[in-house]
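Open your viewer and keep the sequence panel beside it. We will go from stop to stop, selecting a few residues each time.

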Amino acid sequence: MTTESRDIVVVGGGTAGCFAAATAAQEGLDVVILERKSEDDGGHIACGDAIKGKSTFPDVIDLDYLREESFTNENIQRAHFINPKGDNYDIPFQGEAGSVIDRKRYGEVLLEEADRAGAEIHYNTVVTDVTQNGRVTGVTAKREGSPVEYEAEVVIDAAGALSILQDKVDFEGTRYDTNVDYSQFCSAYREVIETDEPVEYDDAIVFKPTKELGYLWYFPRTDREINAGLGFQMNKPPMELVDVLKRDLEAQPEFENATVKDKLGAALPTRRPYDSAVAPGFMSVGDAAGHVNPTTGGGIPGAAKAGHWAAEVATDAITEGAFSESMLWEYNHRVQTDFGKRFAAMDLYNIFGSAHEVDELTEIITALPAEMLVDLMGTKGVTSLGVVEKIKTTIRAAIDTRGHWGTLREGYQVSQLAGDLQSVYDQYPSTPSEFENWQAKRDAVMDQLYEITGAEPKY
Ligand SMILES: Cc1cc2nc3c(=O)[nH]c(=O)nc-3n(C[C@H](O)[C@H](O)[C@H](O)COP(=O)(O)OP(=O)(O)OC[C@H]3O[C@@H](n4cnc5c(N)ncnc54)[C@H](O)[C@@H]3O)c2cc1C
């Protein structure tokens, strides 16, 4: 077996892996990305292709180049919700417009940029195991079919949802989050479709509920190229994703005579970020650590930031020559006190949703004005209504939601708990020693949630 040695080995050349590798290479470290795909297939990943905009990304690659090459629609001004039981409604975006990207080209540019920063990329390299002696010291892989061992000071696990590395590392004695199971994942599938005529909603990302408590989306890459897809939570009975999407698209007039350019499916985590994603010599980033907004499935921004932060912290650890859990802990702190707290709070709504029938939730959503929904979810940035208007809409909503007041009340209680939870995450400990106390405080909020909603505990 050939043996190679690097400062950092990054497993996976997706968003998280490329940002990690570019960051570490710029710091002057010797980094290799191991990617199981071929170079031609690099960047081909199942995705809805919607992101908030360029500001989503750490400034360690040429973001203007990324934008020019892959942002095919930079004019997303609103989220449009199709309501099968009543009026459709819009939630306008505040600030920067959203974008839809050509995901393959985006992935290729990230790989190009990691390479330009000085990282090596080994394609056709499937990582099969880790090497460890109390800490992770590297990985073993098959490169072009031949066995290779890669030694490393730090291994960054950017291998995506259901990363194989986590089955291999011995986490005994560490605080790495192993409280993970399939029911905390979503299975999703998407097609890229070219229509004959331009669609009307090229300034909107469009959502539609499915009866399985998931959603179906149409995200316009351009006014004639649409990313259409759907997903279901794996704790629900499986849905025939391809058939459900096919039936839906056949019923939409704008997709008549459309051609399908690409099809792909994958799993994605719809859970709170891992409580800890570090172990000696080992860090997980992106989907591999649950860095996805669990209500929207948006994981690109979290993956980019996590990859960048992990590489910064790993670089410091390598400079100090120490790779313990404590040395890498700062990375957990950055994640949890940034997007981690928001994602953990959003997950409460998933848990609330899992305790109710889709029909009931749709009826409530139908009856509530969009502004109240936004308030309920604690989402920022929607223009506030005048007081009189607010009272009128509240009364109207109260009448329309008759029969569901108990559930609505629960919804408000969940939104309060979401606020409490964010405060707990603000106090995420800066060293591992306080971690168990912190977890106890967080779990106390979760216990209240399960009590209020009657939902099956998710963790
Ligand atoms: C259908 C779908 C729609 C989505 N829509 C959106 C959206 O609209 N907006 C958004 O922001 N997010 C979306 N997401 C989520 C987003 O795609 C992910 O969160 C994001 O790609 C995570 O990046 P990552 O780098 O962590 O993992 P990935 O992009 O999955 O990259 C992991 C890489 O690791 C490689 N790899 C895995 N195992 C090995 C191994 N053993 N050896 C070597 N290489 C390996 C893989 O080939 C892959 O290249 C969607 C996800 C799905 C499935």
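**First stop: a serine in a loop**

Select S163 and D157: their side chains are joined by a polar contact of 2.9 Å. A polar contact here is a pair of N or O atoms within 3.5 Å; within protein, one must be able to donate a hydrogen and the other to accept it, and residues adjacent in sequence count only if both atoms are side-chain atoms. S163 sits in the loop between strand 11 (146–157) and helix 4 (165–168). Helices (H or I, at least four residues) and strands (E, at least two) are DSSP runs, numbered from the N terminus. Is S163 buried or exposed? It counts as buried because its relative accessibility is 4%; buried means under 20% relative accessible area, exposed over 50%, and partly exposed in between, with a 1.4 Å probe and protein chains only. Beyond its neighbours within four places in sequence, S163 is in contact (heavy atoms within 4.5 Å) with D157 and A288.

Before moving on, note that this is a predicted model, in which local features need pLDDT of at least 70, side-chain atom pairs count only at pLDDT 80 or more, and totals for chains, interfaces and linings use all residues. Residues are numbered from 1 along each chain as its sequence is written, and side-chain values use heavy atoms, with hydrogens and water left out.

**Second stop: the whole protein**

Of the 459 residues, 54% count as buried. Among contacts between residues at least 6 apart in sequence, 73% join residues at least 24 apart.

The ligand is surrounded by 37 residues, and the closest are A16, E35, G48, A50 and D287. This shell is made up of 20 nonpolar, eleven polar and six charged residues. In this grouping, Ala, Val, Leu, Ile, Met, Phe, Trp, Tyr, Cys and Pro are nonpolar, Asp, Glu, Lys and Arg are charged, and the others, Gly among them, are polar.

Next, show the backbone atoms. At T15, a polar backbone atom is 3.1 Å from an oxygen atom of the ligand. At G48, a backbone N or O atom is 2.6 Å from a ligand nitrogen. At D49, a backbone N or O atom is 3.2 Å from a ligand oxygen. On its own the ligand has 1,000 Å² of accessible area, and the protein covers 94% of that; such areas come from the Shrake-Rupley method with a 1.4 Å probe, and for residues, only the protein chains shown count as cover. Which elements give two or more residues to the shell? They are helix 1 (15–26), strand 9 (125–132), strand 14 (214–220), strand 16 (259–269) and helix 6 (300–320).

Most residues other than glycine have a negative phi. D49, however, has a positive phi of about 75°. It counts as buried because its relative accessibility is 0%.

Then jump to N257, in the loop between helix 5 (241–250) and strand 16. Its phi is also positive, near 65°. N257 counts as exposed because its relative accessibility is 58%.

**Fifth stop: the nonpolar cores**

A nonpolar core is a set of buried Ala, Val, Leu, Ile, Met, Phe, Trp, Tyr and Cys residues joined through side-chain atoms within 4.5 Å. The largest one has 97 residues, and F57, V139 and Y331 have the most contacts inside it. Helix 7 (residues 325–354) gives the most to this core, with twelve residues. Apart from it lies another core of 18 residues, including Y201, I226, L249 and F255.

**Last stop: a glutamate in helix 7**

Finish at E325 in helix 7. E325 is buried, with a relative accessible area of 8%. Its side chain reaches the backbone nitrogen of R175 at 2.6 Å. Not counting residues up to four places away in sequence, E325 touches T174, R175, Y176, V278, P280 and P432. Now select R135: it is 190 residues from E325 in sequence, yet their C-alpha atoms are 9.3 Å apart.

Notes: A residue is near a molecule or strand if one of its heavy atoms lies within 4 Å of it.
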